[in-house]
Structure formats: C-alpha cells, structure tokens
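Reader: Hi, I've got a chain open here and would like to walk through it with you. Can you take my questions as they come?

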Amino acid sequence: MMTRLLRSLLPILVLLACAGAPGRALAHAALNNATPPDGSVLAAAPKQIELVFSEPVSPLALRLIGPDGSARNLGRFVLKDRTVVIEAPAALPGGTHVLSWRVVSEDGHPVGGSVVFSIGAPSGAAADLGEQADSGVRTLVWLSRFGLNLGLFLGCGAAASRAWIGPLAGGAGRFAAAMMGLGLFCLPVALGAQGLDALGASIGAFFQPAVWRAAAATSYIWTILIAAMALASALIGLSRPGVRAAVTGLLSVMLVGLALASSGHASAAQPQWLMRPAVFLHASAIALWVGALLPLALALRGENGRSVLRRFSGRIAWIVAALLLSGLVLACVQVERPAALLATAYGQVLLAKLALAAVAFALAGFNRWSLTRRVEAGDIPAARAMRRVIAVELAVLVAILGIVALWRFTPPPRAIAMVRAQPASVHIHTLPAMADVTVTPGRAGPVIVTVVLMDGEFGPLLPRELTLSFSNPAAGIEPIERPARLGPDGIWRTEAFSLPVPGRWHVELEILISDFEMRRIGDAIVLRP
C-alpha cells in the first residue's frame, strides 16, 4: 500500500518539476545601479565599470561583448561591500558593448544580467544577454534537492526514531537505508546542478571543472558537506546496536538542521541570531516527525506496536510544537505582509505547503484522538486503519518536501521588499560642478531625492538655490521641476516628487550660485518598476 501511494505521487511531482522551471531565475541580490548606466552613450571609453547590488555578492563570471560580437573575460575587479569595481579593458572600440555579469548572493543563490553602453554612438541593437535559465538545469536542481530532502528527512529521521520510539522493524531499516542511498546519490548531483545554475551553463557542461569550482564558491557547499555528514552518521547508526544507534541517529538529525541552516533564503535573513536557529529547529523537528512515521506504521503490525505507539504519542506533541513555533517565526520574517501570500510566488508556494500541512495535521489528529486509544487497547481493525492513515499522512508529507524544493526559485517577499526599497543613485561629474543624486526608493512612484553638491575639485559648493528637473522622453514625460531645500547636514532634499513610470530618467540640476552665475549639470538615472 505504501508503494502504491508513493507511486501515485509521481504525476504530482512531475508537475511540480515543470512548475519549478520557468524561463528566468530569481534570487535575492539585485543590481541597483551601474556606472556607466545601462543604455548610456559615452564620449570616451570608461576606465572602470561599477555594479552596485542590493546586498554583498561574489562575482562568478564577468564578460564584455564588443560591437563585433567578440567576448572578453574580465578578471580584474575589486569588491567594495555591495559594489563590484571592474577594470575595463584598454582601447575599447567605438560602438555598443554589453557587460554580461553573473554573481552569487549571500544565501548562495546565483543571479545574472547585463548592462549595455555605447562609446561614441550605438552600433546597432545589442543582444539581450540577461539571465536565461536552462529548463533542464532548473529541473535538475529541483529533482536533486527533492531527492536530497527525502534522504535527509526520511532516512536520517528514521535512524533518529530508534532513540525515541524504538527499534526499526518490519523492513523500516531497509527503507531508511534506501532513502539514505538516494540522498548520497543526490549530493554530487545537487552540487553540480548548483554550479550549472551559478554559471548559467547548459546541462551538457555538468562535468566541466569550472562548474564545480563555481559550486564550491557558493554557500551551498556547506549544506552539501554537512548533509553528507548527516547521511553518513545515520548509515553508521543503522549498523550499531543499542545506545550507540540512538546517539548517531539523533546526531544525524541535528546535522540535518545544521545543513539546511547553513544556506538558503531563511539562513541569509536578518536577524541571524533568530533565523538560523529557527531553520535548525524547524528542519530537525520535521525530520523527527516524518522519519518516525514509516517505522511506526510497520511496528503496528507486530506485538510491540502498542508500546511504540505509546512512546510516539507521548513525545510527538513537543516535536510538533517546536515545528509550529519555528515555522511561524520563519513565515513572519520572510513574508512580512499577509498580502504577499497571494502576490508573490514565494507566498503561493507557502500557501500550498500550508494547505498540505493542514491535511497532514488533520490526519495526525484523527489518529491521535480517534484511533490511538483503541489501538492501545488491542483493537486490530483500529491498528489496521491507523496504518492506512499514516501511509496517507506520509504521502502528503513527501509532497510537501517536493513543494518546498521550489523555494530555490522564489525570493521571499522580505527580499523583494529590500530590493524595492534600495535607492537609485548617480554621480554627475563635470568641471564646473559635481553632484551625488540619490532617489529613495529607487523605483517608480513617490520618491525622496537628496543631492550632495561639490565643486569640480570635490570641495564644498554652497549655492543660493537648487532646482531639480526629471524628464523621461521615452515615456513622453516632459521635465518635472521641483525646488530643493538645504538641510542642516548640508544635503539638499525634496520630498514632493512622484516619478510615475520606471525606466531611464534624465535628471538636471539648476544650480544658482549668485544673481549672475548659474550652472546646469545632468545625467541619467534608472528607476525599477
């Protein structure tokens, strides 16, 4: 019956794999600003290129594609917090160039894109080299992580069940070993898939050394290493008797929690002192619950089934309480607003998980309050019914493990809100005057604009008046002018701006030095949707 139920999940899991393979990948880090700006036309070749991200990143691949289609790898760069400063090649020819970049964010997830700029004049339409995800790679990422989840939760969880409900009986040990074998097989596959995803490579490049170097450069390598330790500990525990088996089983579950807390969306969230322990507790509790179900169902066939059920019933409430408390903390931090449950892909995956979790809890509640006393009293039909309900409960939990593997492709609302809140900025550099202009948030809608003015030698510039003007010719928006006020901190501000559409805006500063002297400087700034 267990085999039939697991087989019945196959079509659902295939659909989940398809749902987890959209055309573009999503991750936490986002490009906030670039110098030169995307789409700009420069009078001379830049000496360096700057990419400013929403969080610290590590570059994986930087390529500059010239007007003739030739590509150069850019290996000379400096990391300055959230900024990547790249040394531009010497003697760049005129025409349109494309900087194709790919970086990995703090949570181990890769993201890529491109910045287009022209020297002298555009040389034609530039190719779109933004991040295009290979559907085969994305499916491999999902399948390998799902298989690894099965190994960690069903395999290590079953090994740990020896410590709190009793010995593995009736083939539970063989099932646990099979799940651990699946997890061990998926370890290198998951790491290779991470490398492919990090570089944006096709699945045919799986065995190339660069793919594995890229994978090792992400924080996901820690998840793989610790997961390997968890599976090894659980396998050793299966061959050990008595107390040693219990200790190694519990150790494997603790390593499962540590593995999942070492990378991923939640592990990178703030505050770290709360989020990493919450992930650890949540993953460990899930492994203890899920891993114990099959050993419990098989034990109910034997004479000691009632004693095993008694131990399970007496301790599972604490495990579920830890699971619910840690899950609530993670959901509140990651989702932030209830509206995001429907408005974001992350929220929709969470809703699907919660719906299935509600089914699993309902089944568990039915067992506990309707069947447990009858089984403990020796009611054989009740024991048979409980085994069937446990089988369905386990199938639902397996489906949940498949669903949560989709979170690799969905940034949480918390991260999306952080990206949207990031300001857009531009440094305007001219001989008569310079300015640092910052638009907060860096997206369309109501904004606050701040300006720091300097003279041509980076000294202070104290004009009598400053007027800001924003225009968007591509959207048919003529200049929107607003006066700025000088604050006690020496920064000019205006809070009366609303820039209604995203895209490339031209900002012009009208600087009144005196009744007889006026300076005008300007540049472009890009606002996100």
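Reader: Let's start with a strand pair. Which residue in β3 does L31 stand opposite?

Author: L31 stands opposite F53 in β3. Strands here are DSSP runs of E with at least two residues, helices are runs of H or I with at least four residues, and both are numbered from the N terminus. Keep in mind that this is a predicted model, where local features need pLDDT of at least 70, side-chain atom pairs count only at pLDDT 80 or more, and totals for chains, interfaces and linings use all residues. Residues are numbered from 1 along each chain as its sequence is written, and side-chain values use heavy atoms, with hydrogens and water left out.

Reader: Ok, and how many bridges join β1 to β3?

Author: There are 4 bridges between β1 (residues 31-35) and β3 (residues 48-53), and the two strands run antiparallel. Two strands count as paired if DSSP finds at least two bridges between them.

Reader: What about β3 and β7, how do they run?

Author: They run antiparallel, with 5 bridges joining β3 to β7 (residues 83-87). There, I49 of the pair stands opposite I86 in β7.

Reader: Which way do the side chains go in a strand?

Author: In a regular strand they alternate between the two faces of the sheet.

Reader: Now the sheets. What's the strand order in the open sheet of 5 strands?

Author: The order is β2-β9-β8-β4-β5, and the pairing is mixed. Its edge strands are β2 (40-42) and β5 (71-73), each of which pairs on one side only. On average, neighbouring strands of this sheet are turned by 30 degrees against each other, direction ignored. For such angles, axes are lines fitted to C-alpha atoms, for helices over the stretch in contact, and angles run from 0 to 180 degrees between N-to-C directions.

Reader: How many bridges are there between β4 and β8?

Author: β4 (residues 57-65) and β8 (residues 95-105) pair over 8 bridges in the antiparallel sense. P59 has V103 in β8 as its bridge partner.

Reader: And which strands are in the open sheet of 4?

Author: That one has the order β14-β13-β17-β18 with antiparallel pairing. The edges are β14 (477-483) and β18 (517-527), each pairing on one side only. Its twist averages 20 degrees from one strand to the next. Within it, 7 bridges join β13 (residues 465-472) to β17 (residues 503-514), antiparallel again, and F470 has V507 in β17 as its bridge partner.

Reader: Switching to helices. Where is the kink in α11 centred?

Author: On S370, with a kink of about 45 degrees. The bend at a residue is the angle between axes fitted to the seven residues ending there and the seven starting there. α11 (residues 345-376) has 32 residues and reaches 44 Å from its first C-alpha to its last, close to the 46 Å expected at 1.5 Å a residue. That expected span is 1.5 Å times one less than the number of residues. Just after α11, G378 takes a positive phi of about 95 degrees.

Reader: Is Y346 buried or exposed?

Author: Y346 is buried, because its relative accessible area is 7%, and W407 is buried as well, at 15%. Buried means under 20% relative accessible area, exposed over 50%, and partly exposed in between (1.4 Å probe, protein chains only).
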